[in-house]
Amino acid sequence: MRIRYADRMQRLKASEIRELLKVTENREVISFGGGLPAPELFPLEEIMAVSQIVLKEQGMEALQYTTTEGFRPLREWIAARMNQRQGMALKAEGVLLTNGSQQALDLTGKIFLNEDDIILCESPTYLAAISAFKAYSANFIEVPTDDAGMDMEVLEGLLIKEKNIKLIYVVPNFQNPTGRSWSLERRKELAKLSAEYGVIVIEDNPYGELRFEGEDLPAIKSFDQAGNILCLGTFSKTFCPGYRIGWIAGAEAIIEKYVLAKQGADLQCNTLAQREIMKYLELYDIDRHIDKIKAVYLQRRDLAVRIMTDCFPREVRFTRPEGGLFLWVELPVGLSAVKLFEQCMARNVAFVPGDSFFPNGGKANTFRINFSNMSEERIEKGLRIIGEEIEKMLRVAAGE
Amino acid sequence: MKIVLEKQDATPLYMQIARQIETQILTGSLRAGYRLPPERKLAESLSVNRTTVLNAYRELKAEGLICSHVGKGTVVAETSGEGTANKLREPVALTAEPIWSHYFNEASERFAHYDMNDLLSLASRKDIISFATGIAAPEWGNAEILEIMKEELSGRTADMTLIHSPVEGFLSLRTALSKHMVKRGCHCSAEEVLVVAGSQQGIDLAGRVLIEEGDIVLVEEPSFFPALRVFKGMGARIIGIPMAEDGMDVESLAQLLKRCHPKFIYTMPSFHNPTGREMSLKKRKRLMELAYQYRVLIVEDDAYGELSYDKPSLPTLKSMDSAGYVIYLSTFSKIIYPGLRIGWLAAKKPLVKRFAAVRQISDLHTSCLSQKIVEKFITGPGYGVHLNKICSDYAKRRNTMMAALERYALPGMEFACPAGGYYIWCSLPDGLDARQVLKRAGAYGVAFIPGRTFSVDKQCDSYMRLNFTFAKIADIETGIIRLCRAITDLMKEYKEYRAEDEIIEITPIV
C-alpha cells in the first residue's frame with residue numbers, strides 16, 4: 001500500500017544531528033556533535049531529595065492534570081527572574097510553560113505561519129528552528145550576520161520589500177551554532193524596526209545565563225515598544241534537559257493564543273516535572289549550580305580554543321564565544337566540512353557539518369563544535385585529530 | 001569638419017588648419033551657414049594653442065570664407081560672396097555621393113560618439129581578453145528558452161503569435177511582469193507595466209515624454225553613458241551628482257535641489273553602471289524624501305538589481321514609493337538573451353498611457369515572439385533556477401577578478417568588491433589617463449572602458465570600468481596581469497618624464 005502523507009512532509013528531512021546522535025551512542029566516538037550539557041553536572045542528589053519531597057508533600061496534585069499555562073508559582077518565578085536579569089516587565093500571565101523551548105517554536109509556527117510566509121533568520125541559524133518552521137511550509141530568508149548580529153540595513157531593506165514577512169527569529173546570546181552574541185546597539189535597533197514595521201520577533205535565549213566572560217546584555221525584549229517581541233527560555237541548559245520544561249513569554253494577548261494552541265497539542269506540560277523544578281528552586285540556590293556549570297564550560301572552551309589555535313592550520317577561522325556551548329569553524333573556501341566529517345568519523349571523531357544550519361543551503365566549508373559535553377581529555381584528543389585531518393585536506397588541495 | 005595636423009610639416013599649424021577648412025568650404029563639404037567649432041574647443045580637440053586657431057580663423061575671415069556673428073559664433077559665409085566665387089574651382093560632380101553633413105540635422109550630431117568605435121573594434125578582436133563589454137557570459141545560453149521558442153513556432157497557434165501585440169505589450173506578459181516585480185518589492189498592477197524593447201527604449205521614451213529643450217536632468221557622476229546621450233539628444237542640461245561608496249551623495253543633491261528644478265533624476269541604485277556600487281538604504285530613503293519635497297520624478301534603472309551575489313538586495317526605490325514619483329525600468333538583457341530585447345517600465349497609469357502613445361509612433365510594439373518566450377520562461381520554474389546558477393557563476397568570476405586585482409594591482413590602484421552586477425570600478429595610480437592605458441593594454445591583449453566615457457563633466461579620466469561577466473573565468477587572471485603590465489609601463493614612462501622635469505627645475509639660472 002502506498003501511504004499518502006501530507007504534502008508538508010516532503011519538506012521535512014531527517015536531521016543530520018539526529019543521525020549523528022545515533023552514531024555517538026557508541027562510546028568510542030569522541031563527539032562534538034550534539035548540543036548536550038555535561039551530564040556529570042546534573043544535581044542528582046538534590047533532585048532525588050526534591051522528588052521524594054514533592055511526592056510526599058503534594059503527591060495527589062503532582063500526579064494530576066494541571067492547567068495548560070503551567071504551575072503558577074513556577075511561572076511567577078520565571079517572570080521575576082527575567083525581569084530581574086534581563087530588564088523586562090513580565091507578569092506570570094505573560095508566561096506559558098512549554099515542553100522545552102522547542103515546543104514554543106512549534107507553537108509559534110502553528111499560530112503565526114501561513115503557507116509561503118517568510119521568516120527572517122540569522123545566517124546561519126538554529127537547526128531545529130528551521131525544521132519546526134519548515135513544517136508549516138514557510139520560507140526563510142537569511143539575513144547576513146556578523147559578530148554583532150544581523151546586518152540591519154539588509155534587514156530593513158527586506159522589511160520594506162517583502163510583504164509576506166511574519167517573523168524574525170534570532171538567538172542573540174551565544175547563538176547556536178556560531179556562539180556569537182548581538183551588540184547592544186543592534187538589539188535596540190531590532191526592537192525599533194520590529195515596532196516600526198509591525199513584525200513579530202522571536203527571541204530565543206536558551207544560553208543567555210551561561211555567560212562566563214564579559215557583561216550580560218539586556219534582552220531585545222527589554223526594548224520592546226510595541227509588544228511584539230516574544231521570548232523563549234528553558235531549563236534545559238541551566239538545569240536538566242530531561243525535564244523538558246521551557247517557556248515562552250510576552251504580551252498576554254499573544255500568549256493567550258499560544259495557550260489555545262498548546263491545549264490542542266498536549267494539554268499541558270508534565271505536572272511532576274513542573275513541581276519538582278519549583279521545589280528545587282525553593283530549596284536550593286540555582287545560581288550556585290549555574291556558576292558550577294559556567295566554571296566547567298569556561299575551562300572547556302579555553303582548552304578548545306587553545307588546542308585549536310595550537311593545531312588547526314592558520315587558514316582556519318573560528319569563533320571564541322563568551323558563553324554557551326558552541327563554537328563555529330570556517331575552513332578555507334573550497335574545502336568541504338562533510339568530507340572532513342567523513343575523514344574524522346573514520347577516526348571516531350564527530351561534529352556537525354555547517355551546511356544544515358543554513359535553511360537555503362550554504363557554506364559547505366563550515367562546522368559546529370560543541371565543547372560542553374565531554375571531558376577535557378577527550379576534547380583535546382578529538383580536536384587534535386580534527387586538526388590533523390584539516391591539515392591533510394589542505395595538503396591534498398594544494399596538490400601535494 | 002575634419003582636420004588632420006602634421007606637426008613635423010614645415011607649414012605653420014595655423015596655415016594647415018586654415019587650408020584644410022578652406023578646402024572643405026570650397027569643395028562644398030562645409031555649407032554656407034555651417035557653424036564652426038568655437039576657437040577654444042577646436043584648439044582643445046587639436047591639442048594646439050588657442051591663438052593658432054584664432055590665427056587660422058582670422059586668415060579665413062580675411063579671405064571672406066567665414067564670418068562671425070554675435071550669438072551665432074563663426075559660420076561659413078555665403079559662397080555667392082564676391083571674393084569666394086572665383087576660388088571655387090572644382091564644383092561637386094553631379095553623380096558624387098551626397099555630402100552627408102549637409103543633410104544631417106543638428107540634433108543628431110549630439111548622439112554621435114566617435115571615440116567608442118575604436119574601442120568596440122578593439123574589444124571584439126579575437127585575441128583580446130575583454131573586460132569592456134556589458135554583456136552576459138556567452139556560455140550562459142538557456143536550452144529551455146530555445147525549447148520554448150520551438151514550441152511557440154511549431155504549435156497550432158504559431159501564426160497567432162506573430163500577429164500584432166498591443167502597444168503596451170501582451171496583457172499576459174504585463175501581468176507576469178507585475179508578479180515578477182514582487183520579488184523586487186514592487187506591487188503594481190498589469191496596467192502600470194509597459195513592455196519595451198530593452199530598457200534602453202524605456203530610457204529613450206522617458207527622454208521623449210519628459211524632457212523639454214533646456215530642462216535639467218540630474219544623474220550620478222559617472223553614469224550609464226547611453227542614457228546620458230539620450231537625454232543630451234533631447235536637449236537636456238545634465239548635471240552630475242557626485243558618488244560615494246554607498247551611492248549618490250544625497251546631501252549634495254539636497255543642496256542642488258534648492259537651486260535648480262530638474263525634471264527628473266536618473267539613477268541606478270542597485271549595482272550601478274559603471275561603479276558597481278549599491279546605494280545604502282539610508283540614502284534611498286533620503287532620496288525619496290527629497291523627490292517628494294521638491295516634486296522631482298525619479299527614473300530608476302534596475303537593470304542589475306536581481307544580480308545580488310552576497311546578500312538579499314536592498315529594496316528598489318519603486319518599492320518605497322507610495323506616491324508614484326518613481327518610473328521603474330528594468331530588462332532581461334543581463335539575465336537571459338539580450339537579443340530578445342525585452343525590458344519593461346513600471347509607472348503610474350497616466351505615465352504608461354503617455355509612454356505608450358509616444359512609443360506607438362516609434363516602433364508600434366515589441367516583437368511578439370520575444371514577448372511570448374519571456375512570458376513562458378519567467379512564469380515557469382526555470383527562471384529562478386537559471387538566475388541562481390548565473391548568480392553563483394558571476395560571483396565566482398567576480399571573486400576571481402578581485403583575487404587577481406588584490407594580487408597584481410599596483411599601489412594607487414583602488415577598487416572595491418561590488419556586491420552584485422557586472423562591474424568593478426578601479427582607479428589608476430598617479431592620475432594616469434585611462435585612455436592612454438587602454439592603448440597600451442590593447443597592445444598587450446586586454447580591453448576595458450575608460451572612466452571618461454561615463455562622465456558628465458569629463459572627469460573620471462583616471463578610472464577604468466572592468467566587466468567580470470564576459471571573459472572566460474580562466475582568462476580573467478591573465479587579463480588582469482596584462483592590464484597591470486600596461487599600467488606599470490606607463491608609470492615608468494611617466495616617472496622618466498617627470499624626472500626630466502625635475503632636472504630642468506634644479507638647473508641653476510646663470
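Tutor: In this predicted model, the area buried between chain A and chain B is about 1100 Å², and carbon and sulfur atoms give 64% of that area. On the side of chain A, the residues that lose the most area to chain B are Glu153(A), Ile160(A) and Lys161(A); together they account for 53% of what that side buries. In residue terms, chain A contributes 14 residues to the contact and chain B contributes 16 residues.

Turning to specific interactions, the count between the two chains is one salt bridge. Glu156(A) forms a salt bridge with Lys285(B), with the closest N and O atoms 2.2 Å apart; the pair qualifies because a salt bridge requires such atoms to lie within 4 Å. For polar contact, the count between chain A and chain B is three residue pairs, both residues of each being at pLDDT 80 or more.

As for secondary structure, two elements of chain A give two or more residues to the side that touches chain B: β4 (139-146) and α6 (152-161). Of these, α6(A) supplies the largest share of that side, namely seven residues. Sorted by class, the side of chain A that touches chain B comprises seven charged residues, six nonpolar residues and one polar residue.

Key. Residues numbered from 1 in each chain as written. Chains lettered and ligands numbered in written order. Predicted model: local features only at pLDDT ≥ 70, side-chain atom pairs only at ≥ 80, totals over all residues. Heavy atoms only, no water. Contact = heavy atoms within 4.5 Å. Buried area = accessible area lost by both parts, 1.4 Å probe. Salt bridge = Lys/Arg side-chain N within 4 Å of Asp/Glu carboxyl O. Polar contact = N/O pair within 3.5 Å; in protein donor to acceptor, adjacent residues only side chain to side chain. Helix = DSSP H or I, 4+ residues; strand = E, 2+ residues; numbered from the N terminus. Nonpolar A, V, L, I, M, F, W, Y, C, P; charged D, E, K, R; others polar.
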